[in-house]
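Have a look at the structure below before reading on.

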Amino acid sequence: MNRDVADAYKLHCLSPPENTIAAPQWLGKMTLSAICLTPRLYQLGDPRIKFRHLHTFLEVARQRSVVKAAEILHVSQPAVTKTIRELEEALGVAIFERDGRGIRITRYGEIYLRYAGAALTALRQGFDAVSQELFDAAPPVRVGALPTVSMRIMPRAMSIFLEQKTGSRIKIVTGENAVLLEQLRLGDLDLVVGRLAAPEKMTGFTFEHLYSERVVLAVRPGHPLLEGCPSIFSSLPTFPILIPTRGSIIRPFVEQLLIANGVGSLPTQVETVSHAFGRAFTRSSDAVWIISEGVVSGDLAEGFLVSLPVDTSETRGPVGLTLKADQPPSAPQSILMQTIRQAATEIMPLP
């Protein structure tokens with residue numbers, strides 16, 4: 001029998017031997033069994049025992065085969081054998097023995113198996129706890145999106161993103177293009193999904209085109225302009241017109257459209273960027289709402305609003321991803337960007 005094991009299981013220890021460490025409480029000159037432990041078996045955490053020793057031991061014990069364990073661990077058979085021998089040397093006992101053509105775990109191996117498994121479980125739980133703490137402390141990915149993007153693209157993009165189960169937090173804010181770009185420049189946002197701004201506004205940014213979007217003239221079903229009006233543009237001044245404010249990204253496109261079609265002035269003009277107001281007012285009056293198609297796409301599809309039959313192709317403008325040129329995206333942000341690309345491809349396929 002191995003000397004250390006024999007020492008560990010000495011019977012009738014009447015006093016702690018010099019070369020052993022007594023149990024936490026010595027019970028005097030009582031006849032005890034296996035209460036005197038050698039330094040090698042008693043010490044908590046031999047520095048020679050590494051994570052790979054525990055991992056390899058558990059896999060060999062599970063497979064009852066060095067060859068199968070080596071295949072699962074993606075290492076050579078000699079490497080597995082060497083690791084087991086190192087562990088046995090550190091423990092001072094044999095943990096496996098030959099059994100015909102295979103191997104079997106020894107009595108000491110069975111004892112160690114319980115603790116090795118618990119140790120690995122504790123290590124994994126500790127890793128998970130730290131990862132969760134880092135996740136909770138990590139800032140969310142902050143996305144700025146135009147209202148048209150928020151209603152048309154982002155719901156599908158977020159559904160795809162959540163399917164990835166990254167555990168990352170996302171913050172989505174909606175606003176005018178200029179406001180979102182300024183927040184991106186100041187570091188308050190990580191990404192903007194919106195229209196391509198003027199060249200002077202894009203300094204320090206990169207832009208990735210996703211799709212193009214046009215402006216539409218939306219009205220309620222049964223609107224007078226839908227009843228065979230010979231010239232829709234010439235009749236616009238007789239109706240209330242909702243148009244974007246001067247600071248909005250599509251205002252220049254709207255003005256160019258009106259000028260190109262001979263509309264000089266609009267006596268009843270309401271400037272608004274409130275989609276809730278625009279939707280409610282247009283559906284309950286004879287107003288004409290000049291707005292990005294994405295904002296009213298749902299209303300058009302469901303028949304709550306109708307697009308006037310006029311050519312607005314000249315208002316088509318690029319929509320895409322805008323990022324700071326000197327700030328590489330994080331891993332969660334890269335995944336989110338990919339889901340936005342996928343959603344845009346599904347909903348707004350390029351012609």
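## The end of a helix

This is a predicted model.

What about α5 itself? The helix covers residues 77-91, and at 1.5 Å a residue its 15 residues should span 21 Å; the end C-alpha atoms are 21 Å apart, so the two agree. Its buried residues are V80, T83, I84, L87, E88, A90 and L91. Looking down the axis of α5, you'd find these buried residues within an arc of 160°, so they line one face of the helix. Over on the other side, P78 and R85 are exposed.

## A five-stranded sheet

Now for the open sheet: five strands, in the order β4-β3-β5-β12-β6, with mixed pairing. β4 (170-174) and β6 sit at the edges, each pairing on one side only. From one strand to the next, the twist averages 20°.

Strands β3 and β5 run parallel and are joined by three bridges. G144 stands opposite V192 in β5. Helix α8 lies across β3 and β4, and runs at about 180° to β4.

In soluble globular proteins, nonpolar side chains tend to be buried together. Here, the largest nonpolar core has 23 residues, and V149, L191, V193, Y211, L321 and I340 touch the most other members. At least two core residues come from each of β3, α8, β5, β6, β12 and α14. Which of these gives the most to the core? That's α14, with five residues.

Zoom in on V193: leaving aside neighbours within four places in sequence, its contacts include V143, L146, V149, L210, L321 and I340.

How values were computed:
Residues numbered from 1 in each chain as written. Predicted model: local features only at pLDDT ≥ 70, side-chain atom pairs only at ≥ 80, totals over all residues. Heavy atoms only, no water. Helix = DSSP H or I, 4+ residues; strand = E, 2+ residues; numbered from the N terminus. Expected span 1.5 Å × (residues − 1). Buried < 20%, exposed > 50% of the residue type's maximum accessible area, 1.4 Å probe, protein only. Arc of directions from axis to C-beta. Core = buried A, V, L, I, M, F, W, Y, C linked by side-chain atoms within 4.5 Å. Contact = heavy atoms within 4.5 Å. Pairing = 2+ DSSP bridges. Axes fitted to C-alpha atoms, helices over the stretch in contact; angles between N-to-C directions.
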